[in-house]
Amino acid sequence: KNIERCKFKNPTPVQKYAIPISEAGRDLMACAQTGSGKTAAFCFPIIHGILTRGLQGHNQRGGRKTYPLALVIAPTRELAIQIHEESRKFAYQTGVASCVIYGGAPAAQQFREMERGCDILVATPGRLIDLVDRAKISLSEVRYLALDEADRMLDMGFEPQIRQIVEQRDMPPTGERQTMLFSATFPREIQRMASDFLKDYIFLTVGRVGSSHTLITQQIEYLRSYEDKKSMLMDLVHAVKGLTLVFVETKRGADQLEDWLSREGFPSTSIHGYRTQQVREYALNSFRSGRTPILVTTDVATLGLDDVPHVSHVINFDLPSNIDGYVHRIGLTARAGNKGLATAFFTDKDAGLA
């Protein structure tokens, strides 16, 4: 019924294959493009498994320590919040309780939520380790472990923390829990992590690993200077209607470009790592609603915009440092099967990325 309420009619390719694999109890390493429906691919089997085992509500209501049955680890606050909201929709009226914890927000509120019951815990690595070490959370009852956007977690330097969580706390070992690893790319570090965290796993790829979505039209503009980039940006914003994401390299660059766009009469907002969680959420909501249809951002946004189905244009004002980052960025235009446009600005200093 909840799947019907969410208006899901046909599974995406990754859902079509990942869900039966997980239902069979197998560990899974799934490689699929950004925006391919991975959240449902691991949430559905987890919720169904908890219901089938009759484990929902196992955590004593009002208890001071939380023993989640399922743990989902995500690299950013925005992505953790998004997964939590999706899991709540899928678990509506089932008795399966979902909670989210992340840094940059008061821990007391998160404690209260968990004490009311927590079967599925969605977490960022730092806050999770903090609360486990403070004896607020025990991982000893975890039956399901899912790592979403695992390659981005490696890019952001989270591998030591992830290994602490999986190998050095009280989590059941491989074979005693079911583990699902989801990633848009499959670098050697992910292969090593899969072999350490998974047992007798199935490797699933949808499309070409590390490739961009076929619905995305890509174009490159060679420009000589920063001023030329601003001029081209203005032309593109005029020409392409709909929500536009503009990626820059630095936090300062995001602030400067947003200020310039606003002064030129283009409603825009920006997010980056120096913004508080409240400010970031306000900016994302303003972008989603269309009040500010231009969002200038650093890579912090690539993992928190899966639920914005109408991004029509991604502009790489500054190119990322590697091709995987580029694939993640432009994939944000292909949500919900939409066609999208991706433009990259290329200058002489980017010659090494050619």
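Ala70 has Ile120, in S4, as its bridge partner. The model is a predicted one, in which local features need pLDDT of at least 70 and side-chain atom pairs count only at pLDDT 80 or more, while totals for chains, interfaces and linings use all residues. Numbering starts from 1 along each chain as its sequence is written, and side-chain values use heavy atoms, with hydrogens and water left out.

S2 and S4 run parallel and are joined by four bridges. Strands here are DSSP runs of E with at least two residues, helices are runs of H or I with at least four, and both are numbered from the N terminus; two strands pair if DSSP finds at least two bridges between them. The open sheet they sit in has seven strands, ordered S3-S4-S2-S5-S6-S1-S7, with parallel pairing. Strand S3 (98-101) and strand S7 (202-205) are at the edges with a single partner strand each, so one side of each has no neighbour in the sheet. On average, neighbouring strands of this sheet are turned by 15° against each other, direction ignored. H2 packs on the sheet and touches S1, S6 and S7, its direction making about 170° with that of S7. Contact means heavy atoms within 4.5 Å; axes are lines fitted to C-alpha atoms, for helices over the stretch in contact, and angles run from 0 to 180 degrees between N-to-C directions.

Now for the packing. The largest nonpolar core has 38 residues, and Leu28, Phe42, Ile46, Ile50, Val72, Ile120 and Phe182 have the most contacts inside it. Such a core is a set of buried Ala, Val, Leu, Ile, Met, Phe, Trp, Tyr and Cys residues joined through side-chain atoms within 4.5 Å, and buried means under 20% relative accessible area, with exposed over 50% and partly exposed in between (1.4 Å probe, protein chains only). Elements that each supply at least two residues of this core include helix H2 (13-23), helix H3 (38-53) and strand S6 (178-183). H3 gives the largest share, eight residues. Beyond four places in sequence, the contacts of Phe182 include Leu28, Phe42 and Leu147.

As for cysteines, the whole structure holds zero disulfides, a disulfide being a pair of cysteine sulfur atoms within 2.5 Å. The cysteine sulfur closest to that of Cys99 is in Cys118, at 3.8 Å, which is too far for a bond. Cys99 counts as buried, at 3% relative accessibility, and Cys43 is buried at 3% too.

The other sheet described here is open, with six strands in the order S8-S13-S12-S9-S11-S10 and parallel pairing. At its edges stand strand S8 (216-222) and strand S10 (268-271); each has a single partner strand, so one side of each lacks a neighbour in the sheet. Strand S9 (residues 243-247) runs parallel to S12, with five bridges joining the two, and Leu245 has Val314 as its bridge partner in S12. Helix H10 (residues 226-239) packs on the sheet; S8, S9, strand S11 (294-297), S12 and strand S13 (340-346) are touched, and the helix direction makes about 170° with that of S13.

His313 belongs to strand S12 (residues 311-316) and is buried, at 1% relative accessibility. Its side chain makes a polar contact of 2.8 Å with that of Thr343 (N or O atoms within 3.5 Å; within protein, one must be able to donate a hydrogen and the other to accept it, and residues adjacent in sequence count only if both atoms are side-chain atoms).
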